[in-house]
Amino acid sequence: MHGLNRVLTAIFFVAAGFGPPAAAQQDGLGAAIELVDPKILRVCADPNNLPFSNEKGEGFENRLAELIARKLGKSLAYTYFPMTIGFVRNTLGAHRCDVIMGYPQGDELVQNTNPYYRTVYTLIYKPDHGLDGVKTLADPRLRDKKIGIIAGTPPATNMVINGLMAKAKPYPLQIDTRFTSSAAQMISDLHAGEIDAGALWGPMAGYYAKVSKEPIVVVPLLHEQRGSRMVFRITMGVRASDQEWKRKLNGLIRDNQKEINALLLEFGVPLLDEHDRPVTQ
């Protein structure tokens, strides 16, 4: 994302700071006094950003929120705002909700929980079109190809290093997801032959490959020798002051990791362990 969005596209979409804290709830202790309403899991989310979330509850972050709410014995409510400039300020920072379900580790706009998955940018292409077996952006077979890239994301640096930008097709990073999707447009262009390949955030690539009527090869970019890192840990994001709430979520992640993995794999998210090996269950 989503710092790096969700993408990430989430990694790059989020911006802005926190507002002043709202009055704390006074009817409980620990995490309860840090939350907008201790009886409700209030989630900050994008209204139209599959595979992460949408207002219909169809994304894997929606499903994860349902799991967490169930484990906590809480009802579930959302504050929706496009994952673009001002997302954190207008949701978590404004005390309209208490957790962002997917956030890159290390971004200073939020306090991160422990990571609940680790994933990677990918190269996507259609099989049997001359790119089978390509595993890195340094592969010479890519030199004369038109490659889609979301501007400002880490693979763009590696494409520059490898001389791939002259024929590249850029897609905008900061968008209003209520009206458009750079990832969806890239997939559409790949199917139409407008591009030969694309560099795309793994959760998006895996999801679109899974739901595509035509086969798409998804290659994790784990063999880059130069340029930006491709692998990132994803956490949940909470307010800097919400220490007990963070600890509560950390416990839920620890105790439910297998169920979380299964949910992510169902959506095609390419999961990696700490040694860059695929997680398959």
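1. A word on the source before anything else. This is a predicted model, so please take each value below as computed from that model.

2. Let's begin with the rings. The structure holds 10 aromatic pairs. One of them joins Phe 60 and Tyr 117: the ring centres are 6.2 Å apart and the planes stand at 85°, so this pair is edge-to-face. It is a link between distant parts of the chain, with Phe 60 in helix H2 (residues 60–72) and Tyr 117 in strand E8 (residues 117–125), 57 residues apart. Both partners are buried: Phe 60 has a relative accessible area of 0%, and Tyr 117 has 6%.

3. Strand E8 has another ring to look at. Tyr 121 pairs with Trp 201 in a tilted arrangement, 4.8 Å centre to centre and with 55° between the planes. Because Tyr 121 lies in strand E8 and Trp 201 in strand E11 (residues 197–201), this pair ties together parts that are 80 residues apart in sequence.

4. Now for the cysteines. A search of the whole structure finds 1 disulfide. Cys 44 and Cys 97 form it, with their sulfur atoms 2.1 Å apart, and the link is right-handed, with 115° about the S-S bond. Cys 44 sits in strand E2 (residues 40–45), while Cys 97 is in the loop between helix H3 (87–90) and strand E6 (99–104), so far along that the two are 53 residues apart. Cys 44 is buried at a relative accessible area of 1%, and Cys 97 is buried at 0%.

5. H2 has 13 residues and spans 18 Å from its first C-alpha to its last, close to the 18 Å expected at 1.5 Å a residue. Its buried residues include Phe 60, Leu 64, Leu 67, Ile 68 and Leu 72, along with the polar Glu 61 and Asn 62. Just after H2 comes Gly 73, with a positive phi of about 70°.

6. In helix H5 (residues 182–192), the buried residues are Ser 182, Ala 183, Met 186, Ile 187, Asp 189 and Leu 190. Seen down the axis of H5, they fall within an arc of 160°, so they line one face of the helix. They pack against E8, strand E9 (147–150), strand E10 (169–171), E11 and helix H6 (202–211). Gly 193 follows H5 and has a positive phi, near 80°.

7. Last, a residue in a loop. Thr 136 is found between E8 and E9, and is buried with a relative accessible area of 17%. Its side chain makes a polar contact with the side chain of Glu 224, at 2.7 Å. Leaving aside neighbours within four places in sequence, Thr 136 is in contact with Leu 142, Leu 221, His 223 and Glu 224.

Conventions:
Residues numbered from 1 in each chain as written. Heavy atoms only, no water. Phe/Tyr/Trp six-rings, centres within 6.5 Å; stacked < 30°, edge-to-face > 60°. Helix = DSSP H or I, 4+ residues; strand = E, 2+ residues; numbered from the N terminus. Buried < 20%, exposed > 50% of the residue type's maximum accessible area, 1.4 Å probe, protein only. Disulfide = S-S within 2.5 Å. Arc of directions from axis to C-beta. Contact = heavy atoms within 4.5 Å. Expected span 1.5 Å × (residues − 1). Polar contact = N/O pair within 3.5 Å; in protein donor to acceptor, adjacent residues only side chain to side chain.
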